[in-house]
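Here is a short briefing for a first look. Please keep the sequence and the model side by side as you read.

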Amino acid sequence: MINEVLYCERLMYLEWAQGEFVDNVYTVDGRVIHRRVDQKGSALPDPDADDASPFEAKSVWLSSEKLGITAKIDYVEGDGGSVTPVEYKRGRAPNLKQGAYLPERAQLCAQVLLLRAHGYPCEHGEIYFSASRTRVRIEIDPPLIDKTFWAVARARELAAAGVIPAPLRDSPKCVGCSLSSVCLPDEVQLLRGLDGLPFDDSGCDGSEEQLGFDFPDREGPLEADPWGLAGEPEPSRAPLRRLVPPKDERIPLYVRAQGARISLDGDRLRVSAAMHSGDARLPQTSHVVLYGNAQITSQALAALFDRDIPVFFFSMGGWFRGRTLGHGSKNIELRIQQHRAADDPVTSVRLARTFVAAKIRNQRTILRRNATHLGPTLLGELESLAKKGEHAVSVPELLGYEGTAARGYFGAFSKMLKGSAKEVGVFDMNGRNRRPPRDPINALLSFSYALLVKDCALALSSAGLDPLLGYLHRPRYGRPALALDLMEELRPLVADSTVLTALNNGEVRASDFGVTVAGAAMKAPGRKRFIATYERRMDQLVTHPLFGYRITYRRLLHVQARLLGRALTGEIPDYPAFRTR
Ligand code: SF4
């Protein structure tokens, strides 16, 4: 916490007040380096014992009510006369007079103060930099002690205030920050700027003016980019940086075989089914999707919970039944804001307007791009309905515009089918029907929406939001209302577009369906091919119209869910729904 508050106050708040944590290459690397010392905690010898022989101890927990500090010290060594705490860090030792950057020195200083408070003679601390394999001595002088106490007090103050500090502006620190995809520093700045809102720049940047100290060693501002990742500073009107990773390297595991059993084998999930078996590595699994009667062992579930990997349950026919998740997000602040907003009709309608208007505009775009023999009337009508939706004063009014737009859009859907798909009469669609879908194309659309709502629920949960509490879709027992809300803007671009691709490329054919009086259902081989088409679409790169960078639809869902959270907490004025041109 001391380290983080001196590095970036927002980072401290996200990690410690909101419980956000995301791994990146540096945090994983850091964990590997700490393996040597992250062991069952060892005890320090009695400081007053007569026997003063040398000792070493690993993972030592110490706390002091008087100091108001608790710390886990990586390594402590005693030479018979005094003790020295050693902090393990990744990277190379920086070429600095003080031996390390302020956040790391202050962290070590707190450890020295704790050892002293417990009666151990302790003059200095050391930092072991693993990449350069060097131990650097850190002097604990009065200015460093002052800064350490200041950091403790500041962290308490920020946590008690309950207001997330502003992101750093154009800071190279953000480039290596593991929470950049949660924080969205440049996106938040841009969205506030677009709305003409002033930006609160009062966050601490580590400068002596802000810290309120007269540093005798003239240390100056906290060094930026301690990992040396940032390159040249950005020009003042530089394009927005893509700090969000473009792709998620992890992929979902779909289990469709009936009677399959999923068990744990080391860090792998083993899937055993009658016809075939396979496995998936846990670190490369984003989530697990089970269709129908598949069994999963409690050991496998426990391993998934530990890694916050959710399991989604679908009926055999593709109906989304629910999900299981470990503790999930710890960001209770955000949940409170989500509930407050749902209780406020003005906020609810404002959000609902955004979802519906974006959906209608994206339906229009899909038609404009793909439909043949489409007169200008429908496109004009859709634009007019989107505009009316933007000014609707109630959800029922909004649903009226949405319904009219849907009738026009689905009425023209078959005009987007090409070649053999168009000639196959079963794909001619006379409007949308469901529960159960009566024709193959509606079955395909329903299946596609179920996949997308699952991914929206996943993105919302990761962002700390409750997928069940929505604004356009009102809460109903078991209904993923917020996931349905978030899905609106992406239905045409992801789900409908996947259906069109699957049909126009012949990946799904008429023979893949069974149609009875009870409705239409896709057979297993067609479902397998359609899931592959959907996953390909999710991995497709798209340019974000506001931010200008390219990301996959899969990642986009997570960015949109985070932005919805930022809008709910009032950090940005409105939720910017995704609209393609
Ligand atoms: S991305 Fe930048 S502003 Fe956001 S928490 Fe990290 S360092 Fe702070």
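Predicted model: local features only at pLDDT ≥ 70, side-chain atom pairs only at ≥ 80, totals over all residues.

**Strand 8 and its partners**
- Strand 7 (residues 261-265) pairs with strand 8 in the antiparallel sense, over five bridges. S263 has R270 as its bridge partner in strand 8.
- Two residues lie between strand 7 and strand 8 in their hairpin. In that turn, G266 has a positive phi of about 65°.
- Strand 9 (residues 277-281) runs antiparallel to strand 8, joined by five bridges. R281 in strand 9 stands opposite R268.
- Four residues connect strand 8 to strand 9 in a hairpin.

**Aromatic pairs**
- The structure holds eleven aromatic pairs. One of them, Y291 with F314, is tilted, at 5.1 Å centre to centre and 35° between the planes.
- That pair links distant parts of the chain: Y291 is in strand 10 and F314 in strand 12, 23 residues apart.
- Y291 counts as buried because its relative accessibility is 1%. F314 is also buried, with a relative accessible area of 1%.
- Y409 and F410 form an edge-to-face pair, 4.9 Å centre to centre with 70° between the planes. Both Y409 and F410 are buried.
- One aromatic cluster is formed by Y291, F312, F314, F320, F447 and F530.

**Charges over rings**
- K173 lies over the face of Y7, 5.3 Å from the ring centre.
- R491 lies over the face of Y449, 4.5 Å from the ring centre.

**Ligand shell**
- The residues around the ligand include C8, L11, P167 and S180.
- This shell has eight nonpolar residues, one polar and no charged.

Conventions. Residues numbered from 1 in each chain as written. Heavy atoms only, no water. Pairing = 2+ DSSP bridges. Near = heavy atom within 4 Å. Nonpolar A, V, L, I, M, F, W, Y, C, P; charged D, E, K, R; others polar. Phe/Tyr/Trp six-rings, centres within 6.5 Å; stacked < 30°, edge-to-face > 60°. Buried < 20%, exposed > 50% of the residue type's maximum accessible area, 1.4 Å probe, protein only. Lys NZ or Arg CZ within 6 Å of the ring centre and 35° of its normal.
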